[in-house]
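Subject: Model for your files

Dear colleague,

Here is the structure I said I would pass on. My notes follow below it.

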Number of protein chains: 4
Amino acid sequence: MIIVMKPGSKDSEIEEISGILENAGLGIHISRGIERTIIGVIGDKRLLRDIPLELMQGVDKLVPIMESYKLAGKTFKPEPSIIDVGGVKIGGRELVMIAGPCAVEGPDQIMEAAKAVSRSGAQFLRGGAFKPRTSPYSFQGLEEEGLKMLKEASNATGLQIVTEVISERSVEIASRYVDMFQIGARNSQNFHLLREVGRSGKPVLFKRGSATTIDEWLNAAEYIMSEGNYNVVLCERGIRTFETATRNTLDISSIPVVKSKSHLPVIVDPSHAAGRAQYILPLSRAAIAAGADGLIIEVHPCPRCALSDAAQQLDPAAYDALCKDIGKIAEIVGREFRYGA
Amino acid sequence: MIIVMKPGSKDSEIEEISGILENAGLGIHISRGIERTIIGVIGDKRLLRDIPLELMQGVDKLVPIMESYKLAGKTFKPEPSIIDVGGVKIGGRELVMIAGPCAVEGPDQIMEAAKAVSRSGAQFLRGGAFKPRTSPYSFQGLEEEGLKMLKEASNATGLQIVTEVISERSVEIASRYVDMFQIGARNSQNFHLLREVGRSGKPVLFKRGSATTIDEWLNAAEYIMSEGNYNVVLCERGIRTFETATRNTLDISSIPVVKSKSHLPVIVDPSHAAGRAQYILPLSRAAIAAGADGLIIEVHPCPRCALSDAAQQLDPAAYDALCKDIGKIAEIVGREFRYGA
Amino acid sequence: MIIVMKPGSKDSEIEEISGILENAGLGIHISRGIERTIIGVIGDKRLLRDIPLELMQGVDKLVPIMESYKLAGKTFKPEPSIIDVGGVKIGGRELVMIAGPCAVEGPDQIMEAAKAVSRSGAQFLRGGAFKPRTSPYSFQGLEEEGLKMLKEASNATGLQIVTEVISERSVEIASRYVDMFQIGARNSQNFHLLREVGRSGKPVLFKRGSATTIDEWLNAAEYIMSEGNYNVVLCERGIRTFETATRNTLDISSIPVVKSKSHLPVIVDPSHAAGRAQYILPLSRAAIAAGADGLIIEVHPCPRCALSDAAQQLDPAAYDALCKDIGKIAEIVGREFRYGA
Amino acid sequence: MIIVMKPGSKDSEIEEISGILENAGLGIHISRGIERTIIGVIGDKRLLRDIPLELMQGVDKLVPIMESYKLAGKTFKPEPSIIDVGGVKIGGRELVMIAGPCAVEGPDQIMEAAKAVSRSGAQFLRGGAFKPRTSPYSFQGLEEEGLKMLKEASNATGLQIVTEVISERSVEIASRYVDMFQIGARNSQNFHLLREVGRSGKPVLFKRGSATTIDEWLNAAEYIMSEGNYNVVLCERGIRTFETATRNTLDISSIPVVKSKSHLPVIVDPSHAAGRAQYILPLSRAAIAAGADGLIIEVHPCPRCALSDAAQQLDPAAYDALCKDIGKIAEIVGREFRYGA
């Protein structure tokens, strides 16, 4: 943390601040420039948290030097984390594929989807049972019934299950059926829920919010981790920009940026980023090429029949073609993807 | 809803779609242009909700003609709504002022704040007891203890209380103490929580999310209203843009836009928009001039001592000056604000 | 400028950088923290311009402490600038009003517009003769013929003329007819053109680009001023965001922010910000309330007949009503506006 | 074009609009819904350009059905365009590589850069002679001297030259030396300059503006093409968003989106998108994987010595490694890149 003083700040002001910092147990370095004086603060910035330095006489602004997250950062853990979900490893050499419909709609649909994605290659089955929809009049999910159907599909195929949770109650119910929780973009700063899944100890697929910076995303991951749950997998799914040709703007650069700042794995959701099935293949290729640890793709046995997000779900044939492709790009970037069951 | 067909779409494709629409109980109008055919759909769009028209053969895109919210819209209720909270009316001729500290920090602080804002003019006391903070290591609020302190301050001053809720449990606890719930920007699409406050029946101050369009904001308000709770007051608090000179970019235009689309009152939060105390007065003036129904302002008896958001809280003297000012602008735009207790 | 070293940077790296800085004539202050060392650089930052410090061994990042503009900043000139255009003063107590049609369409149209806006109160007539339009197939302006019509309307009413220039040639031609150049948002970082109007010496109304931060805007103004032309008036006209209900998002906060960083006057263009006539009155009120030095408003004798931007032009009656209103708000914020010719 | 009438619009209003459209030579289709009437307009939308329909009595809004660009669109030319620049083909099976320093700094620097990039594989040499810089106090380019140095480097290596032009005069001078003009992001809506390079007939590398939608980008390309110059190559270089970890946000989805709307080739500039050398390799891989027709990369013989954009230039060794990589990804997506001179 650096404190930049206003031009013409007084010695008494600088001394007052220095005194406060020293009382808080922090070291200081004063540097007097021609127009301005700056004060470098040395020590654990968290000691400063509740001192409103920006309001002290003579202070112009504060410049943070270090990130405010700790457990999610590379300083805390320089080597990449590998998250183990029921024996499937996320963040290692092998890419992971999470696939399945937007929402669980019935036992046949989810079973069919599970078999299809398992056949082409996938370690996880996705499927929403609790759906946050923009309009309250849209289909909201089958809740516990849906979770049971997911479980049956998992039993039949050996796929791990990931599903979105949206409240304390849904965490409690879902914890009985699923292998990994998903936190959706709309709840990406619902800190209450983040703590809740943190306390559960179960692995969490944590989506970036559509207006969340990478720094805020890692700070939010810190909410989960500070409860002792280090099994966090980040998921880039596009941010909101002025461009309307796609549902969101996939921030492809976030992959290498996250890799340079954090040890957590990061996977990409091209379905929600693009919002249209026709763009999913090129975006999936790009994500793997940029270094993603895996993909989460919406696949429906019959997209035309889907109760939600119909336009962005792949059919099993398109998903199969995608899986074949991904393996080839994986090799070039030093990764591996096993096509087929 | 209008369906735009691809150039060269076939008669059989148009007939297939027409058949589906008619089976769903909808009327159609087919218009054949030189390059394209369009199909106008007549009737209640909600009948279409689960038909994935964009995936039908020959369809290029769908163009919505009407909004997807209903209860929040002017078609449903053309005249402005006035929300009554314990006898205080929001949305009428008189402007409302909600003021108080970012967070409740202790009995003296909140009592002092309440007395100060009541003296200058305010109908509501604000103060956070459950604080969603970017970092898990920041102060998170006094919870129920804080609510009790708010209640005492309310008893002493006659101010109504508004406080943020962040979970089912906080709704349940807060409902015993406060007059109005606040939903913060980070929970603006936490639909589970919106339904919860909808079911409570208590008035809701509903902040816009930092990446939420006005249409999505009204759709989210619909979640509260569709539970039978029509006592919703919208609150503009700035959106996220590329500009970093302010914490958020206050979308001043949202005031007249909301007024043209919805009957709900809208108030403005210049404190969170600006993020710096020095910009609060000009933004407050602008908000009232643009037609806002009131303001919510952070006021702390001693901003330098604040445990959160120190840089953006006014001291009582600055708040007093602001109140004097607001009354004068109110008159010019045909409103009224009563300065003083 | 502060140089933040990587964790574990070596003494030799720090010495190498220190040597380079000292050779460039700069002072340094080294501050060794627990995890990181930072180097404060003292002296004229421009000496550093061509030293790629961020690429030196051991450097993590650079943190600028001061702005890169100089002539446009308050450090250079703390008191507000008043720009004199043919005797009309912009930035003083009195507000300025610039009004007229989007484009000059013919002698009668512009004469009628000039008389109407002069009648209600305006010091400047606007009207485009060189129009940058999104599509090449739209009306592009009457060029020199249009400037002659503006001049005649000016002679008849005594209004000063402001018109947009888009190229060297248009600067040369327009300089014979107009009192003030306008640089439009699309050319806000066309530095070649900025230098050109800088060299002309004529006052410049300089619009912010739709994706330009306030800092970049002031840096771009510096291009004009560094050619010796200090007669720059800034114009906020909305920035591009994800919100589509308005054509742009008026950044109302930019008014107090600019006032805190620069001595240049700032006026507001609610017509281009809103894009719809119905929002112009509330946004104009808000701009004056927030401290703007004036407004630029599109007024057409017959908006329905306009060849461009029809939806956002006021008719003379609506403009007249707006002028009456503005004067009242002006008083409250310590300004003045003279309604009527 | 569809005209949506307000609820309760009158027959007389609908008739008035119908009359105007028919007089303009357009066909109409009226569709009366339960709440609203819509009017479909059939025929060449350009006949409508100067009719302010949105201001007619009873009109609520206009909904465009087709794009406003024509020559740049796929309807005009469904098969992909291949642009020939001195025998090098852009948009065919073979990927193109444009490489070289940000700015030409001297004869040795540009010769060394040219030899290095030619060795690893490149068909074009880039290098700025006219530099638009954010601050007027930064290095602005060697102008004609720089162009001569580029020409010598081209003669020695056989590379084609592409350089940025920023004004009529620079177009005139550069046309004597270079093979392809570049229009930079800051001039992406400088329509005057676009027409100028359109008239020149020389191939144009046309960068997207940082706040330009894909539709606006194609409309701006139309300015070049409507002058008869169809040799336009689009270049995605990142858009401005709230994320600050990278200089811009590379809109990777723009590649498949452009491919679905336009026949023009599109190449990607990862250097300006990322702003940091360390992210260039993953973004280059992603761009090729997503279907780009080539890359433009900043390469400097000694990035640490660069006079501009030092942080984002690769050294020859890093560029060489990138070229080796690209060829392998190219194959997987059905393309080809020839590594080595």
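Which residue is the bridge partner of B:Val4 in β3(B)? The partner is B:Ile38.

Some conventions before the rest. This is a predicted model, in which local features need pLDDT of at least 70 and side-chain atom pairs count only at pLDDT 80 or more, while totals for chains, interfaces and linings use all residues. Residues are numbered from 1 along each chain as its sequence is written, and chains are lettered from A and ligands numbered from 1 in the order in which they are written.

The sheet in chain B

Strand β1 (residues 2-5) of chain B is joined to strand β3 (residues 37-42) of chain B by three bridges, and the two run antiparallel. Strands are DSSP runs of E with at least two residues, helices are runs of H or I with at least four, and both are numbered from the N terminus. Two strands pair if DSSP finds at least two bridges between them. The open sheet in chain B has four strands in the order β2-β3-β1-β4, with antiparallel pairing. β2 (27-32) and β4 (59-63) of chain B are at the edges with a single partner strand each, so one side of each has no neighbour in the sheet. From one strand to the next, the twist averages 20° (axes are lines fitted to C-alpha atoms, for helices over the stretch in contact, and angles run from 0 to 180 degrees between N-to-C directions).

Chains A and D

The contact takes 35 residues from chain A and 35 residues from chain D (C-beta atoms, placed from the backbone, within 7 Å). On the side of chain A that touches chain D, α9(A) gives the largest share, five residues.

Two helices in chain C

Helix α2 (residues 107-120) and helix α10 (residues 316-332) of chain C pack at an angle of about 25°, with their axes 9 Å apart. C:Ala116, C:Val117 and C:Ser120 in α2(C) meet residues of α10(C), including C:Tyr319 and C:Cys323.

Regards

Terms used
Two residues are in contact if their C-beta atoms, placed from the backbone, lie within 7 Å.
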